[in-house]
Amino acid sequence: MPQPNFSPAADRNKQPILDVLLKVLPAQGAALEIASGTGQHVAWFATALPQWTWQPTDAMPAALDSIAAWVAEQGLHNVRPALVLDVMAPEWLPGNAKFDLIYCANMLHISPWATCAALMRGAARHLTPGGVLVTYGPYLEDDVPTSEGNLSFDQSLRAQDPAWGIRRREDVEQEAARAGLRLLERHAMPANNLLLVWDRSS
């Protein structure tokens, strides 16, 4: 089994995110993780929420070995084998599988803006009635001063790729609304991040 990759940021934020998930989620359900990356989040959440079944995914095939390594290291039996999933694909999963939670952390600012609309459309297709989409990461907000750290981070992202950058929460809300989703909860998180909870518009 290959050694799992390690992200210091994922290690720092996994517990604050879990603390919110424990308040938001019911005791059991099925979860789809978009952009699982190293696999640290899904391993941490699946350990703390054993009555949930987790489906990790990532657009990069190379990520799957690290995800599998974290799952194996924790001896988890409620995590399905990781799959390659590109949010831009017209079909995410065979059979139009439904999930009570779709979770996506730190993707929108390191991918082209079109992935936001694709994420919202896909979530609308794959959420169960009453299910929620949870997104986590840095956001700009119209009525909230932007921290110096996030301003510098945004500049560094755009220098790496002009298609990247921290997104305005209000712009993300517009894309969500077009897909039939609405912002249900906003949680301020450490290091100037937000955890946003979305559900179907009534």
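**Helix packing and pockets in the predicted model**

The structure is a predicted model, in which local features need pLDDT of at least 70, side-chain atom pairs count only at pLDDT 80 or more, and totals for chains, interfaces and linings use all residues. Residues are numbered from 1 along each chain as its sequence is written, and side-chain values use heavy atoms, with hydrogens and water left out.

The axes of α1 and α2 come within 10 Å and cross at roughly 40°. The two helices are therefore oblique to each other (angles under 35 degrees are roughly parallel, over 145 roughly antiparallel, 65 to 115 roughly perpendicular, the rest oblique). From α1, the contact (heavy atoms within 4.5 Å) draws on Ala10, Asp11, Asn13, Lys14, Gln15, Ile17, Leu18 and Leu21. From α2 come Gln40, His41, Trp44, Phe45 and Ala48. By class, the contact of α1 with α2 holds seven nonpolar, four polar and two charged residues (Ala, Val, Leu, Ile, Met, Phe, Trp, Tyr, Cys and Pro count as nonpolar, Asp, Glu, Lys and Arg as charged, the others, Gly among them, as polar).

Helix α2 (residues 40-48) also packs on helix α3 (residues 63-74), at an angle of about 30° with axes 8 Å apart. The pair is therefore roughly parallel. This crossing, of α2 past α3, is right-handed. Gln40, Val42, Ala43 and Thr47 of α2 touch Ile67, Trp70 and Gln74 of α3. The residues of this contact are four nonpolar, three polar and no charged.

The largest pocket holds about 730 Å³ of space (on a 1 Å grid over the protein atoms alone, a pocket is an open set of points where a 1.4 Å probe fits, with protein on both sides within 12 Å along at least five of seven lines; lining residues have an atom within 4 Å of a point). Its lining comprises 32 residues, with Ala35, Ala105, Asn106, Met107 and Ile110 closest to the centre. The largest share, five residues, comes from α1. Elements supplying at least two residues each include β1 (29-34), α2 and β4 (99-105). The lining divides into 16 nonpolar, 12 polar and four charged residues.

The second largest pocket holds about 170 Å³. Of its 14 lining residues, Tyr139, Glu141, Val144, Pro145 and Asn192 lie nearest the centre. Strand β8 (181-189) is one of the elements that supply at least two residues; its share, three residues, is the largest.

Technical notes
Axes fitted to C-alpha atoms, helices over the stretch in contact; angles between N-to-C directions. Helix = DSSP H or I, 4+ residues; strand = E, 2+ residues; numbered from the N terminus. Left-handed = near helix turned anticlockwise from the far one by under 90°. Points joined across faces, edges and corners; volume = space filled by probe spheres on them.
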